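Reader: I would like to learn how to read the contacts in a structure like this one. Please take them one feature at a time.

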Amino acid sequence: METITTKPSTKFCHLFSMDFIKIIFKGSGQVMFQNNIWTGVLFLLGIFVGAYQEGQGLVAWGALVGLLTSTITAYFLPLSSDDNENGLWGFNGILVGCAFLTFLGNTPYTWIALIVCAMLTSSVRLAFNNVMASWGINSLTFPFVFLTWIFLFSARVLQGIPPTHMSEPVLSSAINPSLDLSISHLLIYWLKGISQVFLINSWVTGIIFLIALFISNKWAAIWAALASAIALFAAIMFKAPGSDIANGLYGFSAVLTGIALGMTFYKVSHKTAAWAFLGIIATVFVQAGMNGMLEPFGLPSLTAPFCLTTWLFLLPRFKF
Amino acid sequence: METITTKPSTKFCHLFSMDFIKIIFKGSGQVMFQNNIWTGVLFLLGIFVGAYQEGQGLVAWGALVGLLTSTITAYFLPLSSDDNENGLWGFNGILVGCAFLTFLGNTPYTWIALIVCAMLTSSVRLAFNNVMASWGINSLTFPFVFLTWIFLFSARVLQGIPPTHMSEPVLSSAINPSLDLSISHLLIYWLKGISQVFLINSWVTGIIFLIALFISNKWAAIWAALASAIALFAAIMFKAPGSDIANGLYGFSAVLTGIALGMTFYKVSHKTAAWAFLGIIATVFVQAGMNGMLEPFGLPSLTAPFCLTTWLFLLPRFKF
Amino acid sequence: METITTKPSTKFCHLFSMDFIKIIFKGSGQVMFQNNIWTGVLFLLGIFVGAYQEGQGLVAWGALVGLLTSTITAYFLPLSSDDNENGLWGFNGILVGCAFLTFLGNTPYTWIALIVCAMLTSSVRLAFNNVMASWGINSLTFPFVFLTWIFLFSARVLQGIPPTHMSEPVLSSAINPSLDLSISHLLIYWLKGISQVFLINSWVTGIIFLIALFISNKWAAIWAALASAIALFAAIMFKAPGSDIANGLYGFSAVLTGIALGMTFYKVSHKTAAWAFLGIIATVFVQAGMNGMLEPFGLPSLTAPFCLTTWLFLLPRFKF
């Protein structure tokens, strides 16, 4: 149970200080569990580079607005300032920002909804954490997933926030498994699996993210690289849809599971590695399963496969 | 955790006493958190007036049967008699009765299913409350929502209880946002937002409900009125489907959230008001999101948006 | 909370011993809560007889592979050996094996996926049990249901494991209630309701299962027989789809609920019998509801109606 450790008045000082800027960048880094300012800087850089490269610069600005909104909200609510100093109130907000401008039309209402949603991530994170505390787990990026799903579903009925870039709801789609399997293409799919953690479809961003992780912790970079490769291999073997593989959509949740199980929640070891490997494989099936489940709704699975698999692999509380 | 405080033998005495009639009316009042007999009397009156006005008198009789069934069930099960004295075993049953005759065809099997469903609300409420107790929340009207969803889904396959008045399942519907925004119409939408708490589509019933709330607690009436107005404004601004707005379907969950957060679970204050305001706005998005999610099933969202949002706003356990 | 009581090294001895064979058969028996080797032997026999009779012998071999995989997995993970000795790590695996070969095409990838899924049931069972422990319930067959759903959903997008024998996703299907209600046919439906616990559509297997239960505990056989009959009657009365009734699809979850509530989690008594009777009726509606809900996905409800209803009837913690 999180408690209040500083008075709001103290917190407001922080809001106009160098500390605030540090917290903002840490919030960006925490998406991949890294409490490191420079990792956060590079993540944001990678988002801007990739978004503009794709011709979707607004996604990067959405990310920035979401990150600022959810972090500032944490100053106004009586939330734990320990968590705040570690950037833990920002990482859901930045993902909300990426997702809103990726899937919704660019209207003023979309931006208002983005701000409301990013604000809610802060209180909903505390809500979920309070529920999960007794099970020894936390909410990971699920506040982002849960709230973004609600808003994307609402885009089906609210004309103010149109589902411009969402898939059409279909009962079951034709699958096109054709895929260029040359080494150069496989490299691109592998790097996009890493960049898609922030919903960015760019191999350049994938490289920037790997460097960002390496600066913080070499094992984070290693597990991210391994996880994307293992997931790519499994997705090809079980013949997942070719376009999804090519866009890195089977990689990003596996990357997060790999970092979470391989070096964040367990100490690095041989046994941990075997457990993380099984977790990465499981993530691929959960990813495929969620894609199949959400197809009739035309909804993306976001990082839900990562959350679900990581919870299932933490809940047995094995000590390795 | 609820415990047994009187013996069944004692309870049976109550079943044939004046107390029983009081408990019945309190059960009706508890739908909007009011432990007040006269509020309950007026709620039932409003239901009968509105249902007959709509030409759907059976809805009112369904409400009465559901209320009696779930309350009587609580006498036969070893349930808390404290809760019983406050009418807490009746409020889910009355809503079940309203919903069954609103959505299902009028067959003998529908009435049998109604009685089974209303009986189940009593034990399921205890089941859910036992799960939620450690999180500091309770099940609100979710036993009604959960069980009614099961029975409405079953109406898709059981010919005995036909889904006569349910929407057709569709993957995504055309949206008609045209809406008469004159003051007199806005007033009607606003009042229907309040009457729809009991699935009644009548502005007269909306007035009766406001009076009923005012008798019990002026703040309950104020928050109900405010919440319906705020939700109406937000739904118009984000361009929700016109017919839903006109029928008050964006109001009723917000009304319940407003009463719950504004004056029931928190003390009335400026800070509480801001929190309840955010909760009402969130309820509108959750309502739209659930409508979008349930459209492929042709299922109504009932009061689920209220339950979900209120839980999310109680779980952080902020002290204002 | 389950704890580690023997060292892995000790466990590996067991893996090559007579004990292992006992544990395997107990795992089969535990699907219907029977900790009895001969019950398990007869269950497996019934599966092989029924599967080959249907011309689907692979289902039986799938069952065996699933049972072996999940039981052996429990030797490698630091799981409770008390549970292991009682066969509690095998019952989800055997059901996974039955389901995979019933619904998916017979490709090498299907068998690999089966093994991965059966392995996961062991750790996921511990994960779910850890979550549910504080509520006084356990995960029943839900690890099987949950993981099989994920893999069946994934079959919609992974061409390696094709959904060959799954229903097409449809928004709402035409219902054919015509049903031969002669005594001899009713007997067959009733027995198939019991055999379908293992997804076997054979009245011969139903008889074998009843004998297997009777060997272990006469009340288990009585409740299984009663539950299938009550569910059959209720499904006919409320006019469930004729082909589902004829194939025993309204029986199997009710059979499990009957055994669970009638003699496993409560002591046999008149009050328990009334409670179990209500539970069986509720299971039929939950079954119909889940069928209606899962139709748009073309997904089977597996034993989810049993799990859900039994939890709802255990959670109030009534003492009879």
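Reader: How many residues does the contact take from chain A and from chain B?

Author: Contact means heavy atoms within 4.5 Å. By that rule, chain A gives 34 residues and chain B gives 31 residues. The model is predicted, so local features need pLDDT of at least 70 and side-chain atom pairs pLDDT 80 or more, while totals for chains, interfaces and linings use all residues. Residues are numbered from 1 along each chain as its sequence is written, chains are lettered from A and ligands numbered from 1 in the order in which they are written, and side-chain values use heavy atoms, with hydrogens and water left out.

Reader: What area is buried between chain A and chain B?

Author: The size of an interface is often given as the accessible area lost when the parts come together. Buried area here is the accessible area (1.4 Å probe) that two parts lose on being put together, summed over both. For chain A and chain B that is about 3000 Å², with carbon and sulfur atoms giving 80%. On the side of chain A, the residues that lose the most area to chain B are A:Val157, A:Leu158 and A:Gln159, together 20% of what that side buries.

Reader: How many salt bridges and how many polar contacts are found between chain A and chain B?

Author: A salt bridge is a side-chain nitrogen of Lys or Arg within 4 Å of a carboxyl oxygen of Asp or Glu. Between chain A and chain B there are 0 salt bridges. A polar contact is a pair of N or O atoms within 3.5 Å; within protein, one must be able to donate a hydrogen and the other to accept it, and residues adjacent in sequence count only if both atoms are side-chain atoms. The rule finds 4 residue pairs in polar contact across this interface, both at pLDDT 80 or more.

Reader: Which elements of chain A give two or more residues to the side that touches chain B?

Author: Helices (H or I, at least four residues) and strands (E, at least two) are DSSP runs, numbered from the N terminus. The elements in question are helix H7 (108-132) and H8 of chain A. H7(A) supplies the largest share, 13 residues.

Reader: Into which domains is chain A divided?

Author: Domain bounds come from an automatic or database domain assignment. Chain A has domain 1 (8-155) and domain 2 (183-314), and their C-alpha centres lie 21 Å apart. In the contact between them, 37 residues of domain 1 of chain A meet 37 residues of domain 2 of chain A. The area buried between these two domains is about 3100 Å². In domain 1 of chain A, A:Met32, A:Phe33 and A:Trp149 lose the most area to domain 2 of chain A.
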